[in-house]
There are 2 protein chains.
Amino acid sequence: MKELNPLLHSQLRLAIMSILMNVEEADFVYLKEKTESTAGNLSVQIDKLSSAGYITVEKGMSGKRPRTICSVTEDGIKAFEEYVDALKSYLNL
Amino acid sequence: MKELNPLLHSQLRLAIMSILMNVEEADFVYLKEKTESTAGNLSVQIDKLSSAGYITVEKGMSGKRPRTICSVTEDGIKAFEEYVDALKSYLNL
DNA sequence: TAAAAAGGTTTATAATATAAACCAAATTTT
DNA sequence: AAAATTTGGTTTATATTATAAACCTTTTTA
């Protein structure tokens with residue numbers, strides 16, 4: 001049986017990637033609302049995806065408030081697609 | 001976003017369930033070979049699925065050797081199918 | 001100006017997965 | 001016929017992970 005990339009096989013990280021696969025970019029606040037996660041957990045998981053090179057993270061300002069924008073990288077897309085392929089063999093889809 | 005049943009969202013438990021969804025029953029040795037897991041890990045995860053009522057486990061003898069036979073329950077089938085549904089929304093399948 | 005909210009990060013804790021060590025019975029080797 | 005190995009597991013320890021709690025700084029509101 002195929003391996004399931006452990007970096008993607010985590011509910012929150014998978015949710016983040018899933019969202020980012022469908023949009024150009026998404027900011028911290030949007031990801032938090034969509035995933036219904038705590039800020040702490042989200043921050044940690046964003047870091048891990050970023051460290052793995054699956055997403056890029058730009059910390060900037062929106063007016064006077066900080067704004068963290070994420071988007072998926074080529075590597076991230078590839079990893080996500082491979083993960084989906086592997087999962088399909090588990091779920092017979 | 002939907003919750004992913006944490007009992008099923010584990011590589012090895014998902015692999016076990018995936019196998020059992022496609023056969024009448026499977027024994028410990030067969031599951032170990034198919035999943036390429038260690039005996040210890042397999043034993044633990046079988047227990048968890050069993051405690052959750054997702055599989056039944058019969059410990060008997062085959063000739064002079066012990067034999068542990070597993071099969072999925074109705075509850076297990078239902079949980080698996082719900083898990084697959086939830087996952088689909090993450091993977092857009 | 002004091003209090004609360006926004007947007008996060010860091011640190012501590014609880015849960016999980018995994019492997020290592022172990023056990024008893026059966027089989028094989030010497 | 002001992003001794004060593006294999007089979008079929010279980011139990012316990014360890015390393016990783018996920019998660020939440022506590023915290024920080026700046027901005028906004030009361």
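**Exercise 1. Describe the hairpin of β2(A) and β3(A), and state which turn residue has a positive phi.**

Step 1. Two residues lie between β2(A) and β3(A) in this hairpin. Strands here are DSSP runs of E with at least two residues, helices are runs of H or I with at least four residues, and both are numbered from the N terminus.

Step 2. The turn residue is A:Gly63, with a phi of about 65°.

Step 3. β2 of chain A covers residues 55-62 and runs antiparallel to β3(A), with eight bridges between them. Two strands count as paired if DSSP finds at least two bridges between them. A:Val57 has A:Cys70 of β3(A) as its bridge partner.

Step 4. β3(A) is also joined, by two bridges, to β1 (residues 26-27) of chain A, again antiparallel. There A:Asp27 is partnered by A:Ile69.

The model is predicted: local features need pLDDT of at least 70, side-chain atom pairs count only at pLDDT 80 or more, and totals for chains, interfaces and linings use all residues. Residues are numbered from 1 along each chain as its sequence is written, and chains are lettered from A and ligands numbered from 1 in the order in which they are written.

**Exercise 2. Give the strand order of the sheet in chain B and explain why β1 and β2 are edge strands.**

Step 1. The sheet of chain B is open, with three strands in the order β1-β3-β2 and antiparallel pairing.

Step 2. β1 (26-27) and β2 (55-62) of chain B each have a single partner strand, so one side of each lacks a neighbour in the sheet.

Step 3. Eight bridges link β2(B) to β3 (residues 65-72) of chain B. B:Ile55 is opposite B:Val72 of β3(B).

Step 4. Across β1, β2 and β3 of chain B lies α1(B), at about 80° to β3(B). Axes are lines fitted to C-alpha atoms, for helices over the stretch in contact, and angles run from 0 to 180 degrees between N-to-C directions.

**Exercise 3. Work out how chain A is related to chain B, and what each gives to the contact.**

Step 1. Chain A superposes on chain B by a rotation of 180° with 0.0 Å of shift along the axis, at an RMSD of 0.0 Å.

Step 2. A:His9 is the residue of chain A closest to the rotation axis, at 3.9 Å (C-alpha).

Step 3. The contact takes 14 residues from chain A and 14 residues from chain B, where contact means C-beta atoms, placed from the backbone, within 7 Å. On the chain A side, α1 (11-20), α2 (28-35) and α4 (74-91) each give two or more residues.

Step 4. That side has nine nonpolar residues, four polar and one charged. Ala, Val, Leu, Ile, Met, Phe, Trp, Tyr, Cys and Pro count as nonpolar, Asp, Glu, Lys and Arg as charged, and the others, Gly among them, as polar.

**Exercise 4. Identify the residues that come nearest to DNA strand C and those closest to DNA strand D.**

Step 1. Around DNA strand C there are 22 residues, of which A:Phe28, A:Gly40, A:Ser43, B:Ser10 and B:Gly40 come nearest. A residue is near a strand if its C-beta atom, placed from the backbone, lies within 6 Å of it.

Step 2. DNA strand D is surrounded by 22 residues, the closest being A:Ser10, A:Gly40, B:Phe28, B:Gly40 and B:Ser43.

Conventions. Two residues are in contact if their C-beta atoms, placed from the backbone, lie within 7 Å. Copies are superposed by least squares on the C-alpha atoms of residues with pLDDT of at least 70 in both.
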